[in-house]
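Subject: Structure handover

Hello,

Here is the structure I said I would pass on. Notes on what I found in it follow below.

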Amino acid sequence: MRSPLSGADISALVYEGNTYPKKVWYTIATFLFIVGCFQWGSLVHSKFARRTHYKTDEETATANDIRYKFSLRRIPLAIINFYRVVAFRWTIEIGRSYTLNIAEVFVTVAYIALLLIYAFINTTSVEGQKLDMIYWCNRIAMLAASQFPIITALGTKNNIVSLVTGISYDRLNYIHRMMARTCFMLLWVHAAGEIVSFPNFQKILSNDWPRAGITAIVAFSVLIIVSLRPVRTGAYEVFFYIHFLGVGIFLVGAYFHTKGAHGSYWIWPSFVFWAFDRLIRVIRVVVFNHSYFGFKSGTGTMDAATELLSEDVVRLRLRRPPHFHWSPGQTAYLIMPSVSTLPFEAHPFTIASFDSSDLLSTAKTEDQSGSGENYETQVLGSNAPFWKELVFLVNVHGGFTKKLKEVAAAKGKVKVFVDGPYGPSPDLGSYDTSVFVAGGSGVSYTLPVFLSVIESVRKGQSSCKRVVFIWSIRDAEYIQWIEEALIKAIQLSPPSLAVSIRIFYTGSSSAKQSMEEDSNLSSPTEKDTVEHVEIRKSSMLLSLSGVRMENGRSNLDALLKEEVTRASGSMSVSVCGSQGIARAVRHALRFPVSGPSSILGGGPSVTLHVESFGYA
């Protein structure tokens with residue numbers, strides 16, 4: 001039951017309802033500003049600061065073992081590595097597929113605590129009743145309403161939060177979901193409080209504002225359910241449709257519900273942020289696909305070739321427009337009206353190819369005698385698309401990707417609109433050692449970054465001394481997806497760069513045995529089958545120095561610790577694969593491998609980049 005309200009109560013309610021949400025915003029803005037300073041400062045440092053090599057008076061080195069004298073000058077670096085391990089490599093693991101790092105846990109707990117503190121402080125009425133429901137019930141709803149502009153912004157691809165913090169939209173998506181779920185709980189507390197405090201709740205349903213509120217919270221409840229990971233991963237299209245419609249219904253209902261309480265000014269900015277993002281994306285789609293691809297069939301169009309590489313992977317290839325550029329590791333949203341249920345569906349995929357305009361121009365300068373096309377054919381081989389085209393490796397699940405698989409099985413072509421590129425590209429130019437770990441189609445991320453490191457060293461833009469490429473696959477035949485790209489990468493790598501390629505497959509060992517047995521065959525004859533030709537290509541890769549192919553699961557813990565022992569200076573590890581692979585890498589790079597004692601003793605400073613895998 002509501003207690004009688006005095007004039008002082010009403011004044012306090014109005015003041016706190018207007019002031020506390022603003023204080024929450026000031027706190028969040030301050031936090032984002034601090035994060036932005038660290039992020040942009042780190043970016044500027046990595047690009048422009050000269051790297052310092054710590055040398056000691058007493059030092060012994062062998063090919064596989066480097067020992068340094070303890071140095072206090074490395075204390076700042078040891079503190080940074082300590083923070084990296086605790087914040088991002090210590091995790092809370094829920095089941096097999098869900099992992100939260102300590103940084104995410106801290107932000108979640110701090111955010112919930114912030115809202116609850118402002119929801120329940122100063123809730124004693126003038127009459128002395130503590131935790132008066134009328135105080136916190138309405139205030140908690142206003143606090144939740146004040147968060148929807150930033151929640152909406154975090155859910156868009158082009159948002160101000162990414163601009164301020166330097167963190168890409170996909171990495172902010174966890175914060176988007178966490179804030180939405182926190183506000184969802186607050187709104188249900190508000191709804192329960194309203195039902196309890198109004199003895200004749202059914203009578204007020206004749207008014208528009210409670211009906212709008214009920215509509216909004218029902219739509220919000222459905223949104224929360226479909227945003228759960230099992231639904232997102234198992235039925236992405238269902239999530240996409242319901243999310244698109246549900247957000248609109250919720251925001252409209254919330255606007256009219258809060259309008260009577262003079263709180264709608266917290267809701268309407270959400271429409272602005274959403275519309276701005278959609279406008280930018282539409283402009284990008286129109287400009288890129290009209291100016292660069294064209295709308296007619298034939299050369300230079302949006303027609304994409306499909307190829308079924310395996311039962312669960314489809315390769316999609318588009319002609320690379322001369323003015324369309326991307327950085328290694330970035331993603332693009334693909335719109336395929338002929339494949340998707342709705343014509344405007346956009347699905348994110350990592351660009352598996354490498355924008356090598358600089359590489360091609362440099363190579364042509366070195367070989368003036370050959371034409372561009374001849375050079376590309378002779379030097380880049382049949383896997384030239386990994387340098388010249390937009391290439392995507394699509395994991396087949398259900399719905400959209402299942403339909404795309406049917407097209408690929410018939411070797412058909414599809415019309416594709418490209419929206420992108422999005423996401424950051426890791427800056428690895430300052431690292432002495434770069435290690436790439438991928439599982440299956442996760443090679444879409446590691447392959448172009450691996451190629452970019454080789455090109456940067458080749459052009460003198462990177463001081464990398466060693467690069468390691470680790471790929472875990474289910475079948476040895478999967479290596480044919482990228483084998484010539486790897487061969488050419490090794491051939492183009494300068495002598496100063498040590499390249500190591502380790503491939504692990506969990507299938508039958510017969511495929512590898514066939515490759516090794518076939519390595520001594522003479523040149524192809526008319527009796528050779530296509531399969532034998534492909535096997536000889538693979539055996540050619542295996543015959544190169546630094547390339548090893550092994551049957552069985554990779555022991556990432558041992559492999560990474562071996563590379564840390566071998567490395568000096570700075571080391572980066574980039575991983576894209578299943579949750580199991582990401583967890584194994586995080587575990588391997590915890591203490592004592594990246595601990596303060598290792599850093600102070602001259603061990604490498606290790607930076608870990610974990611790329612998300614799949615829809616979730």
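Helix α4 is largely enclosed by the rest of the structure, because twelve of its 14 residues are buried (buried means under 20% relative accessible area, with a 1.4 Å probe and protein chains only; exposed is over 50%, and partly exposed lies in between). This is a predicted model, in which local features need pLDDT of at least 70 and side-chain atom pairs count only at pLDDT 80 or more, while totals for chains, interfaces and linings use all residues. Residues are numbered from 1 along each chain as its sequence is written, and side-chain values use heavy atoms, with hydrogens and water left out.

More on α4. The helix covers residues 133-146 and spans 20 Å from first C-alpha to last, close to the expected 20 Å (1.5 Å times one less than its number of residues). Its buried residues include Tyr135, Trp136, Arg139 and Met142. At its start, a side-chain oxygen of Asp132 comes to within 3.1 Å of the backbone nitrogen of Ile134; a polar contact here is a pair of N or O atoms within 3.5 Å, one able to donate a hydrogen and the other to accept it, and residues adjacent in sequence count only if both atoms are side-chain atoms.

The chain overall. There are 23 helices and 17 strands, taken as DSSP runs numbered from the N terminus (helices H or I, at least four residues; strands E, at least two). Of the 616 residues, 49% are buried. Among contacts (heavy atoms within 4.5 Å) between residues at least 6 apart in sequence, 77% join residues at least 24 apart.

The cores. A nonpolar core is a set of buried Ala, Val, Leu, Ile, Met, Phe, Trp, Tyr and Cys residues joined through side-chain atoms within 4.5 Å. The largest has 43 residues, and Phe450, Phe469, Trp471 and Ile501 have the most contacts inside it. Elements that give it two or more residues include β9 (389-395), β13 (466-473), α18 (483-492) and β14 (498-505). The most comes from α17, with nine residues. Leaving aside residues up to four places away in sequence, Phe450 touches Phe436, Val467, Phe469, Leu486, Ala489, Val499 and Ile501. Another core, of 42 residues, lies apart from this one, and Phe184, Leu186, Leu187 and Phe220 are among its members.

Finally, Cys576. This residue is in strand β16 (residues 570-576) and is buried, with a relative accessible area of 4%. Cys576 and Val610 are 34 residues apart in sequence, with their C-alpha atoms 6.2 Å apart.

Regards
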